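Work through these exercises with the structure open beside you. Try each task before you read its solution.

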Amino acid sequence: MKILVAVKRVVDYNVQIRVKEDGSGIITDNVKMSTNPPDDNATEEAVKIKEAGKSKEVVAVTIGEEKAQETVRKALAVGADRGIHVKIDGIIEPLAVAKILQKVVEKEKPDLVFMGKQAIDDDCNQTGQMLSALLNWPQATFASKIEVKDKKLEVTREIDEGLETVEINIPAIVTCDLRLNEPRYASLPNIMKAKKKPIEQLNASDLGVDTSSRIEQIKVEEPPKRKAGIKVSSVAELVQKLKNEAKVI
Amino acid sequence: MSREAMEYDVIIVGGGPSGLTTAIKLKQLDSSLNICLLEKASEIGAHILSGNVFETRALDELLPNWKDLNSPIKTKVKKEKFLFLSKTKSLSWPTWLLPNVQQNHKNYIISLANLCRWLGEQAEALGVEIFPGFPASEILYNEDGSVKGVATQDMGIDKDGNKKDSFEPGIDLIGKVTVFAEGCRGHLGKQLIKKFELDKGKDPQQYGIGFKEIWEIDDKNHEEGLVMHTAGWPLDNNTYGGSFIYHAENKQVFLGYVIGLDYKNPYLSPFDEFQRFKTHPVIRKIIEGGKRISYGARALIEGGFQSLPKMFMPGALLIGCDAGTLNMPKIKGSHTAMKSGIIAAETIFESIKENKDLSIFEDKFNKSWIYEELYRARNVKPSFNWGLIIGIIFTGIDQILFRGKLPFTLKHKHADHETLKPANKMQKIEYPKYDNVITFDKTSSVYLTGTNHTDNQPVHLQLKDPNLPISYTLEKFDEPAVRYCPAGVYEIQKEKDINKFVINSQNCIHCKTCDIKEPSQNINWVTPEGGGGPKYGNM
C-alpha cells in the first residue's frame, strides 16, 4: 500500500499574525513558517502505518513557492520516503489545490491520501472533501483514530456529538485531527538522512490545471480590539449591569 | 542508554553573529571541513534581539562583497541626536561633542535577527550544516579533561522526567574543536568559565538588560536613518542605563532601553522603567498614533576588557558575548562578536592543519583591532559607579581628550547579583498604570514575542534551593525576580496566607536575567526543549 500525504507551509502557530497596511493580506516576511500542525499528524499516521508493515511507501507532497520544500524535507525527516514539490507562487484556493493533488494522485496512484483536516492559515477545511469528489473516492474527515483492515479503513471521527466510527473502502481520502497522534520529533541524524532523500519538482503550470482564483478577496482586516473590562464591586451590581447595560438577562 | 554519536571537524554552539561568522570563515579557509552549527531557536534569528546600529568593519573582512549579496543592511545612518532627559524636558547634546566611539555616520540601522538569517543562508550555501531547534544541553569531555563536543537535548521528556511516546534521545556531537557562541550568559559557557577558571584574575562580569520594541509610526514622525540616544530620566543618577530610538525602513522605529544589572534597589523594575520612559513628551511625540508590533528583552554584556575571560581552553573556544566582547561605550557588540568569530576560524584552521595549540587565539586576538577597541573602552562603564554626571564628565576626558589611553584601569568591584540592598533600606517605586496605547503590561508584551514551550516538559529554570525564594529572598529583597524578569515568569502567589513562588517557565523569553541577578545565584537557566522560546521576527 502506498500513502500520499499532503503537507502545507503556513505561518507558525505561535506567531502573532500581522495584517498588511493596505489590507491585501498578512505579513510573511521574516516570519517563522512551519508545517500546518494537523498535516504533521497526517504524516505521523502514515509513517506509523508503514512501520507496522501495512504500507510500503509514504510520499509527501506540497504545493507552493520554492521554500515550501522545507515542509517536504520535514516530512522526510520524520519518515516519509520521498517527496514531491509542485511549484506555484501566490495564494491558491482549495479547489485548485484539490485539482493539483488529483493530478499527483493520477501519477502516483496511491491507495490512501492523508492530509490535515484544515490549514491554520485560511481555515478552509475543503481540500480533502474536494479531492474526494474529484477522484470519486470515499472520504473520512476529522480522523482521531485510523485502523487499516485489509482493503478497508476503520476511522473514528471527531464530530460535534462525540465520536463516530465509519468504515470506508480503499482507495480513500482521510483528513486528520490533532487528536490522531503525537507527531514525533525529527532527530538530527534523520534530518541529515532526509537531505539525501529525493524531492521531485513539478510545475503547477505543466499539470494542465486551472489554478485561477474563483474568490475575490476584498480586504483582510484585524479583528476589532476588545474593550477593556471593568471590575464590579458586588454580585448585585453585576446582575444590574447584565440586565440594564448588557441586556443579556 | 548509549546515545548515537556523530563526528565533525568543528561543532559550533549558537547561530548568532559570532557562531555564523566562524562557520562562514572556516568554510572560506577550507571548504572540505565538516561543520555543524546548533541553534536552540526554531530557526536562525528567532532568538536574536539587538538595537541595532551596525558597524560593517568585521563584515567587510568576512564578505567584502556583501553589498552584492542582497544583504538586509540597507538603512544608512543619516542623522544623530543625543538627549539628556529630565522628567518633562530634554537637552540636546551637540554630536560633535560626542566621543568618536558614539558617532555613527558610517553605520547602518539593521535588524540583527535578519542579518543572522542572511548569514545563515550564506553559511548553508557554503555547506555548513545548520540545525535549528537543537539546543546543546551538555558539554562532553575527553578523558584528559579537554572538550570533546556537546550533546543535544533529549526531546519528549515530561515534567517529571519520564519519557513520552514521542521521546527522541539527544546525540553526541564530537568535534576536533568545539566553539561556544551562545551569546551573553550562555549556560554552557558559564560551566566552561568555571571549570577551566577562564575568569581567573579578571573582574566580575557586568551585565545589563536590554528591552526592544518595534513600532510602526506615522509618516510625519518618521525620519529614516535617524539615530537617537538618551540618558537620564526615568533612571536616577545612580542607575546606569539609557535608551535608543532608531528610525529604520518601512516606517518602523526600533525603540529600546538598557539598564545595568548592577542596580541596587530591589524595587526597581527594568520593564516598568522602559514603559515609563516611553511617556516622556519627546518619546511620546514619536510613537503617538503608531502601533507597537514587537517586543523582546535580552541580557547583554557590559564588563568589557577587565571582565573578558580567557577565550580558549583545551578543545574549545568561547567567543562573542558568550565570553563578552561587546564594546559598551560604543553600544555595539555585533562587529566585535563577528571579529572574534573570524579570529576563532583562523585559529581553528591552523590548529587542524598545522596541529597548533588553540592558545594561538590569544595572540591573534591581542594583535587585532578588537583588542584595541575594547582596551580603549575599558574605563567608561566603571566610571558610572560614581553616578551619571561624574561618569559623563570622566568619559568625556577619557574618551575625547585621551582616546581611552589613560594610564590606569578602573575595576568592576562587584558581580551584579551582589549589588542589591535589602528591601527595608530602599524606597518602593510606584510605577504608573499601563494605558495600553503607549505603555503595556508584561502579558500583552510577551504575547508579541510568539513565545511558546511545549507543554509538560521539565521546568528549565532550576532552583538550587527550592525554599530560598520564600524563606530568604522574599523576606530580604521582596523577591526581585517578580520585577527583573521581563516576561512575568516569576510570581509570588498567596494561598491561604502561605506564600508560594511560582515559575511560569513557558513564558520565558531566554533573556538570562534571572540567572545573572538572583542575589544568591539560586536560579540556574538550562535549555528547554528545542525550538522553545521566542519567535522574534526582525528584532
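Strands here are DSSP runs of type E, at least two residues long, numbered from the N terminus. The model is predicted.

**Exercise 1. Place A:Val174 in chain A: which strand holds A:Val174, and is A:Val174 buried or exposed?**

Step 1. Find the strand. A:Val174 belongs to strand 10 of chain A, residues 172-176.

Step 2. Check the accessibility. Buried means under 20% relative accessible area. A:Val174 has 0%, so A:Val174 counts as buried.

Step 3. List the contacts, leaving out residues up to four places away in sequence. A:Val174 touches A:Val113, A:Phe114, A:Met115, A:Ala140, A:Ala143, A:Ile146 and A:Leu153.

Step 4. Take one C-alpha distance. A:Ala80 is 94 residues from A:Val174 along the chain, and their C-alpha atoms are 17 Å apart.

**Exercise 2. Describe the surroundings of A:Thr156.**

Step 1. Locate the residue. Strand 8 of chain A, residues 152-159, contains A:Thr156.

Step 2. Read the accessibility. At 12%, A:Thr156 is buried.

Step 3. Name the neighbours, again without residues up to four places away in sequence. Among those that A:Thr156 touches are A:Phe142, A:Ala143, A:Lys145, A:Leu163 and A:Thr165.

**Exercise 3. Characterise A:Asn244: which helix holds A:Asn244?**

Step 1. A:Asn244 lies in helix 6 of chain A, residues 235-244.

Step 2. Its relative accessibility is 44%, so A:Asn244 counts as partly exposed.

Step 3. Compare sequence and space. A:Val148 is 96 residues away from A:Asn244 in sequence, and the C-alpha atoms are 58 Å apart.

**Exercise 4. Count the disulfides over all chains.**

Step 1. Set the cut-off. Two cysteine sulfur atoms must lie within 2.5 Å.

Step 2. Apply it. The count is 0 disulfides over all chains.

Step 3. B:Cys116 is buried, at 0% relative accessibility.

Step 4. For B:Cys321 the nearest cysteine sulfur is that of B:Cys184, at 6.3 Å, and B:Cys321 is in no disulfide. B:Cys321 is buried too, with a relative accessible area of 15%.

**Exercise 5. Find the residues that touch the most other members of the largest nonpolar core.**

Step 1. Start with the core itself. The largest nonpolar core has 77 residues.

Step 2. B:Ile109, B:Ile245, B:Leu255, B:Phe277, B:Leu461 and B:Tyr490 touch the most other members.

Step 3. Follow one of them. Beyond residues up to four places away in sequence, B:Tyr490 touches residues including B:Leu461, B:Val482, B:Phe501, B:Ile503 and B:Ile523.

Step 4. Look for another core. A second, separate one has 75 residues, including B:Ile12, B:Ala58, B:Val150 and B:Ile343.

**Exercise 6. Describe the interface of chain B and chain A: how many residues are in contact?**

Step 1. Count both sides. On chain B 32 residues are in contact with 22 residues of chain A.

Step 2. Give the area. About 2,300 Å² is buried between the two chains, and carbon and sulfur atoms give 56% of that area.

Step 3. Ask which elements of chain B take part. Those that each supply at least two residues include strand 1 (5-13), helix 3 (112-125) and strand 18 (291-301). Strand 12 of chain B gives the largest share, 3 residues.

Terms used: Residues are numbered from 1 along each chain as its sequence is written. Chains are lettered from A and ligands numbered from 1 in the order in which they are written. This is a predicted model: local features need pLDDT of at least 70, side-chain atom pairs count only at pLDDT 80 or more; totals for chains, interfaces and linings use all residues. Side-chain values use heavy atoms; hydrogens and water are left out. Buried means under 20% relative accessible area, exposed over 50%, partly exposed in between (1.4 Å probe, protein chains only). A nonpolar core is a set of buried Ala, Val, Leu, Ile, Met, Phe, Trp, Tyr and Cys residues joined through side-chain atoms within 4.5 Å. Contact means heavy atoms within 4.5 Å. Buried area is the accessible area (1.4 Å probe) that two parts lose on being put together, summed over both. Helices (H or I, at least four residues) and strands (E, at least two) are DSSP runs, numbered from the N terminus.
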